[in-house]
Structures are given as structure tokens and as C-alpha cells.
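Trainee: Could we go through this structure together? I would like to begin with one of its pockets.
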Amino acid sequence: MNETEFSQQRLQTALSPRPVRFYAQVESSSDIALDWLRNGAAAGSVVVADEQTRGRGRLGRSWYAPPATALMLSVVLRPSAAALVQVSMMGALVVCETLEAFGIRNVGIKWPNDTQIDGRKVCGVLPEVLWDGDRLFGAVLGIGLNVRIDFAGTPFEQTATSVETVLGKSIDRLELLTTLLERIDDWTARIESYALFDAWTERLTTIGQQVSVNQANGVVTGMAEGVDEHGALLVRDEDGALQRVIAGDIALGSSNGD
Ligand code: BTN
């Protein structure tokens, strides 16, 4: 591991003129970004952390990676209210594009926004929106990408992977970060276009799979037939009814769980 891989100075020089804040250790990069957004951060401002002590995941989970083994960032965005659903799609999509730019194949999205390589999770995305009453401040896109976490011998060996494990060589996380931010800038400029929805949909590996989805009112089990324009998953349940699932975790096959 390169001890000086990330520093405020290195990130600032590489990403200039983008506003950037680097933390060797922080509770959550997304907390910092949300505060920054509340205080007027420009779109594109980014918070990068080498370690988080209270990292947040989807569905109220915590998210942790050992120091300097992941790319953990939170990007300030200022989409219109109509484009908030696309923020989540964009997160998973830009990670796919970045991994492909590094030569990784078999990259796909497990609905709604987990990026997987060969069916193993490599990245999670946490979009958060900041409102003041009915006034939209903006959004923060939190991204946690496994770069050099060794899952061998852990309970996650079959379900998670890291960029360096797949590539079989070490890489500079700054190169990954730079590519990721370029992809975010590119899609942000056309966040409301159908192209984003189409690109996200094309990469969904969940469509055509038998799934089981946890919902507040129970578990929906059936065939994932597609998504609607809001990104909701359309599942044909065992009674033949089409269920619209707007959030939740899916398990492939008929069993329930993560
Ligand atoms: C998930 O898969 O549940 C989403 C994980 C998102 C983790 C990232 S790491 C950077 C940002 N800061 C956080 O506290 N969470 C997100």
C-alpha cells in the first residue's frame, strides 16, 4: 500500500479546480458533504475519506472498510427535484463505466444500485437528499468501492470482491477517483436524459431473474420482469400479479436475505 496515495495536497492538485476535502479518518464522508451542501458547496464538490468510523450503508446499515482499502467518497450534486431518482441510477452506472475503463469485464448492476463483478458486490451507493421544508438544497451521492479489501477466508468470500483482486495488480486509487468523477460530471450534465435511464437499465442483471424482495409489508417473491421509469422493480409474483417494488434488498432465487 502506498501510504501517501491520498492527501489533501495530492487530491487538490489532481482534481483542481474542483473543491475537495480529504479526511484520513472521519465519521462519515456523507455527513461532511451534507453539511457542506447546507453551507453552499458547489455542485461537484467532493469529500474523500480513507477511513470512516460511522460509515452509512443503505437501509440503515453501517458500512466499514479498513483504512485505505476502499475508495470512499461523497459528491455534492444539485439536481432538480424531478431528477432525484436518477442520482441513484447514476451512482451505480458511473462505477460500472469506471471499472470497464480499467479493463474489468462482467460488470453489472444488482437492482437498485449495487455494482457487481461476476455477481460479487464491489461497490455500494448511498444517495441522500437534503430538503429545507419544500426547498431542495441538493443531494449527496455516497460511493464505497472496494479496492483492496481481501475477502478470502471471510464470510463474504463468495459475495464480495475488490478491484485489485479482479485485476491481479495494484492500482492508484487516485486514478480510479479521477475517472469516477469524470463520469459523474458527464452524466450530471444530462441527468434528465433517457440515455441515463437506458444505460442503467441495460446493466441491470436482476431482470429475468427469480427474486425475493423484503418490503415493509412482507416479502415479494417472483420473476423480475423489468423496471418502470421511476426505477421501481416490477416483479411478477406467484399469483401472477405485477408488484411494483420501490426499495428493498433482493435475494436471487426463492430464499430471502441479503
Ligand atoms: C451500501 O451498499 O449499503 C451503500 C454503501 C455506501 C458507503 C459509502 S462510503 C462513502 C459514503 N459515506 C458513507 O457514510 N456512506 C457512503
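Predicted model: local features only at pLDDT ≥ 70, side-chain atom pairs only at ≥ 80, totals over all residues.

Trainee: How many residues line the second largest pocket, and which lie nearest its centre?
Mentor: The lining is made up of 18 residues, and those nearest the centre are Ser88, Pro112, Asn113, Ile246 and Ala247. The volume of this pocket is about 340 Å³.

Trainee: How many of the lining residues are nonpolar, polar and charged?
Mentor: The lining holds 11 nonpolar residues, five polar ones and two charged ones.

Trainee: What do the domains give to the lining?
Mentor: Domain 1 (8-202) and domain 2 (210-252) each supply at least three residues.

Trainee: Let us turn to helix α2. How many of its residues are buried?
Mentor: Helix α2 spans residues 29-38, and seven of its 10 residues are buried, so the helix is mostly covered. The buried residues are Ser29, Ser30, Ile32, Ala33, Leu34, Trp36 and Leu37.

Trainee: What covers those buried residues of α2?
Mentor: The cover includes the strands β1 (20-23), β2 (46-49), β3 (70-77), β6 and β7 (135-146).

Trainee: And what is found at the start of α2?
Mentor: There, a side-chain oxygen of Ser28 comes within 3.1 Å of the backbone nitrogen of Ser30.

Trainee: Which residue just after α2 takes a positive phi?
Mentor: That residue is Gly40, with a phi of about 100 degrees.

Technical notes. Residues numbered from 1 in each chain as written. Heavy atoms only, no water. 1 Å grid on protein atoms, 1.4 Å probe; cavity = no way out; pocket = protein on both sides within 12 Å on 5 of 7 lines; lining within 4 Å. Points joined across faces, edges and corners; volume = space filled by probe spheres on them. Nonpolar A, V, L, I, M, F, W, Y, C, P; charged D, E, K, R; others polar. Domains from an automatic or database assignment. Buried < 20%, exposed > 50% of the residue type's maximum accessible area, 1.4 Å probe, protein only. Helix = DSSP H or I, 4+ residues; strand = E, 2+ residues; numbered from the N terminus. Contact = heavy atoms within 4.5 Å. Polar contact = N/O pair within 3.5 Å; in protein donor to acceptor, adjacent residues only side chain to side chain.
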